[in-house]
Amino acid sequence: MSIFRRILIATPLFSVILLCSANQLSAQQPADSSNAYYSIPNRLLFAKYLYTSEDYERAATELHRVLQTGISGERRDSIRFMIGLSYYKSHRYMFSRDAVRPLLAQQSDETNYFNAYYLTALSYLHSQEPDSVQAMPGRYSQPGLTPAARYKSQILQGLGYFYDRKWTHSRDVFASVLTQIPKNSGLSLLVQEHLALSQTAMVLPQKSPVVSGVLSTVIPGAGRIYLGRTGEGFFSFLTIGILTYNSYNGFTEDGIRSIYGWVNALPALALYLGNVYGSITGAYIYNETQVQQIYKAVSIPDENLFIHP
Amino acid sequence: MLPAQDISSPNYIYQRLNPEYGVHAHTEEQSQQKKPKNVFTRLILFYQKYLSVRDMKVCNFQLSCSNFGKQAIINYGAFWGILMINDRLLRDNSFAVNYYPIDQQSRLLIDEPLKYHYLPYYFSDK
């Protein structure tokens with residue numbers, strides 16, 4: 001018998017044996033095991049396990065599955081918040097905001113609402129949209145709130161101003177919060193730090209692009225010296241000066257048709273314009289660098305300072 | 001504490017000013033894919049292919065002046081690109097060591113055209 005025929009006979013036999021053994025195995029297991037595995041408490045436990053083992057994205061996915069099962073009420077809101085927090089921890093800030101958005105829209109209970117509010121504000125800060133924090137509708141100005149909820153929301157508004165470079169606004173907010181907040185707490189230190197930085201930022205040394213540009217136009221290199229780049233300024237002055245002097249010599253000797261004159265004049269003109277451009281841009285870069293020094297001194301605060309356990 | 005956002009990156013600075021523009025092309029290949037070559041970039045390519053290769057590497061910067069110019073023209077157009085090249089040629093001197101961060105691997109100074117976007121942005125359609 002050829003090998004091909006043997007395989008043809010053997011394949012159905014093997015499949016029949018495999019099917020029988022699979023049936024026997026399934027008969028030995030309890031009948032309701034599949035339901036137990038995928039029950040809501042088990043899924044929540046598994047999601048919690050994933051969250052504690054810092055597998056945040058899979059935790060969010062698992063919580064999404066729980067949400068699909070039709071949980072309602074306050075429990076649904078807290079699961080929504082947990083999904084948002086898991087996405088936040090995995091640095092997927094847009095997903096995080098999307099997850100908790102219903103909590104901000106509907107009249108959920110105070111804890112869930114404020115947790116969602118803080119999470120959204122922190123997500124905006126992390127995804128570099130501080131202006132969106134200021135635009136967030138807040139309950140923090142309404143009467144009847146707990147003091148903690150009020151000042152925490154105000155701190156986040158202040159952080160929004162701080163990262164949007166509205167130093168006066170952020171200073172005012174932090175100064176008013178500092179009077180309400182209990183001293184020596186984590187948030188108090190945070191506010192003090194940001195208040196000091198806002199005050200520092202208000203008096204940062206700034207260079208005017210207009211002054212820099214005008215100086216460079218009048219004396220090449222003077223704009224760079226104004227920006228504190230003395231070496232570059234002298235180099236620019238010498239380079240443009242020598243080329244201009246050479247072109248002047250060429251034109252005075254041979255008139256307008258002097259090749260020597262043009263060979264020096266065109267690079268001199270190009271470098272002169274480039275120097276003016278560089279001086280103006282340099283002023284912007286100088287100012288930006290000063291602001292970045294402020295931001296390097298702090299980082300966006302930990303969410304545990306805001307979110308209720 | 002969570003890791004701080006990288007606000008010091010040039011992309012962040014640019015996106016703050018013009019979020020619609022998106023991230024700039026950083027590598028040479030990305031820049032070439034972004035827009036078709038014009039006469040100025042062709043001139044730079046000619047320089048790189050036939051003139052620059054005959055000389056040793058003399059530029060102080062990690063993104064050499066010709067590559068800087070090419071990216072500047074591609075990203076900001078010929079007018080601003082040429083101004084940026086002229087500015088860069090003036091900045092490429094021995095004093096530059098004091099004013100720019102050094103790349104530890106290549107020991108060259110780091111300088112990208114993205115840093116000099118302020119005026120093109122100011123005069124562009126906002």
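Chain A as a whole averages a pLDDT of 85, and 85% of the residues score at least 70. Where pLDDT is low, the predicted coordinates should not be read in detail. Local features need a pLDDT of at least 70 and side-chain atom pairs count only at 80 or more, while totals for chains, interfaces and linings use all residues; side-chain values use heavy atoms, with hydrogens and water left out. Residues are numbered from 1 along each chain as its sequence is written, and chains are lettered from A and ligands numbered from 1 in the order in which they are written.

Over all chains, the structure holds 24 aromatic pairs, a pair being two rings of Phe, Tyr or Trp (its six-membered ring) with centres within 6.5 Å, called stacked if the planes are under 30 degrees apart, edge-to-face if over 60, and tilted otherwise. The rings of A:Tyr163 and A:Tyr295 are stacked, because their centres lie 5.2 Å apart and their planes meet at 15 degrees. This pair links distant parts of the chain, with A:Tyr163 in helix H9 (residues 147-163) and A:Tyr295 in helix H15 (residues 259-296) of chain A, 132 residues apart. A:Tyr295 also pairs with A:Trp167, and this pair is tilted because the centres are 6.0 Å apart and the planes are at 45 degrees. A:Trp167 belongs to helix H10 (residues 167-180) of chain A, 128 residues from A:Tyr295. A:Tyr163 and A:Tyr295 are buried, as is A:Trp167, where buried means under 20% relative accessible area, exposed over 50% and partly exposed in between (1.4 Å probe, protein chains only).

Elsewhere, A:Tyr113, A:Phe114, A:Tyr117, A:Tyr118 and A:Phe306 form one aromatic cluster. The charged end of B:Arg88 sits over the ring of B:Phe61, 4.0 Å from its centre, and A:Arg229 lies over the face of B:Tyr100, at 5.1 Å from the ring centre; such a contact requires NZ of Lys or CZ of Arg within 6 Å of the ring centre and within 35 degrees of the ring normal.

In helix H12 of chain A, the place of A:Val210, this residue is exposed, with a relative accessible area of 60%.

Definitions and conventions. Helix = DSSP H or I, 4+ residues; strand = E, 2+ residues; numbered from the N terminus. pLDDT = per-residue confidence, 0-100.
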